[in-house]
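Thanks for asking me to look this one over with you.

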Amino acid sequence: MDIFNVFSLIGTIAFAVSGAVVAMEEEYDILGVYVLGLVTAFGGGVVRNLLIGVPVTTLWSQGYLFMTALSAMTIAFILPVRWILRWRRSEAFFDAIGLSAFAIQGALYATKMEHPLSAVLVAAMLTGIGGGIIRDVLAGRKPLVLKDEIYAVWAMLAGVAIGLGWFKSTIELLALFVIIITFRMLSVYYKWKLPRRSLRGAFSASEQAAIRKLKHKKGE
């Protein structure tokens with residue numbers, strides 16, 4: 001098994017369990033657990049394949065990954081609640097493992113096809129965060145990867161590093177794997193966030209000012 005398959009396996013397990021736990025939190029039945037877990041594990045790869053020109057049907061050739069995902073979700077479904085709660089406390093760490101593994105896997109996929117740096121970056125980002133976005137949408141949640149701690153940036157960083165040829169050998173890729181996990185966990189611990197601008201408060205203040213103005217006119 002080469003390094004490419006190792007990262008695929010790690011990411012599949014981490015994201016399949018993540019999707020299964022979210023489904024159980026939302027009180028989905030066992031079918032919903034499997035659907036959400038599979039979407040989380042493979043959704044990002046499907047979107048990536050569409051954008052970089054890989055036939056989507058190649059997904060069906062990954063039989064061992066499907067079996068791995070199904071096994072991981074089944075184990076998660078039957079685990080005692082206290083074990084799942086323990087996993088939830090470490091959820092950010094396992095999510096970081098999946099993010100790092102899939103971002104590197106997506107970047108390697110694009111570089112093997114000799115795509116330019118921009119395509120490598122997009123492939124890394126979509127493979128790393130695509131499944132999580134689809135998972136949150138299906139679970140009726142706001143995609144946390146777009147509003148919570150810095151997340152997608154680390155996947156993009158992996159894409160840039162591989163696209164520029166900074167990490168090529170197996171040892172170097174494993175080092176990058178650890179680096180991305182470390183940065184992701186640092187961003188969780190220190191609550192690093194990207195700049196944001198919220199218009200909700202401004203709109204609310206504007207509406208309240210309009211209401212006060214209308215009441216004032218009526219009083220006259």
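1. Let's begin with the aromatic rings: there are four aromatic pairs in the structure. Please keep in mind throughout that this is a predicted model.

2. The pair to look at to begin with is Phe15 with Phe102. Their ring centres are 5.3 Å apart and the planes meet at 85°, so this pair is edge-to-face. Phe15 belongs to helix α1 (residues 3–25) and Phe102 to helix α5 (residues 91–112), so the pair links distant parts of the chain, 87 residues apart. Both Phe15 and Phe102 are buried.

3. Now turn to Trp154 and Phe183, a stacked pair with 5.1 Å from centre to centre and 20° between the planes. This pair, too, links distant parts of the chain: Trp154 sits in helix α7 (residues 152–163) and Phe183 in helix α8 (residues 170–189), 29 residues apart. Are the two partners buried or partly exposed? Trp154 has 9% relative accessibility and therefore counts as buried. Phe183, at 32% relative accessibility, counts as partly exposed.

4. One more ring deserves a glance. Which residue lies over the face of Tyr109? That is Arg48, placed 4.3 Å from the ring centre.

5. Back in helix α1, have a look at Thr12. With 1% relative accessibility, Thr12 counts as buried because the cut-off for that label is under 20%. Setting aside neighbours within four places in sequence, Thr12 is in contact with Ala41, Phe42, Leu65, Ala69 and Phe102.

6. Next comes the nonpolar core. In soluble globular proteins, nonpolar side chains tend to be buried together. Here the largest nonpolar core has 53 residues. Those with the most contacts inside this core are Phe7, Phe42, Ile104, Ile162, Leu173, Leu176 and Phe177. Two or more residues are given to this core by each of α1, α2 (30–52), α3 (63–78), α5, α6 (117–138), α7 and α8. Which element supplies the largest share of this core? It is α5, with 11 residues.

7. Finally, a closer look at Ile162, listed among the residues with the most contacts inside the core. Not counting residues up to four places away in sequence, Ile162 touches Ile104, Ala107, Leu108, Thr111, Phe167, Leu173 and Leu176.

Key. Residues are numbered from 1 along each chain as its sequence is written. This is a predicted model: local features need pLDDT of at least 70, side-chain atom pairs count only at pLDDT 80 or more; totals for chains, interfaces and linings use all residues. Side-chain values use heavy atoms; hydrogens and water are left out. Rings of Phe, Tyr and Trp (its six-membered ring) pair if their centres lie within 6.5 Å; planes under 30 degrees apart count as stacked, over 60 as edge-to-face and the rest as tilted. Helices (H or I, at least four residues) and strands (E, at least two) are DSSP runs, numbered from the N terminus. Buried means under 20% relative accessible area, exposed over 50%, partly exposed in between (1.4 Å probe, protein chains only). A charge sits over a ring if NZ of Lys or CZ of Arg is within 6 Å of the ring centre and within 35 degrees of the ring normal. Contact means heavy atoms within 4.5 Å. A nonpolar core is a set of buried Ala, Val, Leu, Ile, Met, Phe, Trp, Tyr and Cys residues joined through side-chain atoms within 4.5 Å.
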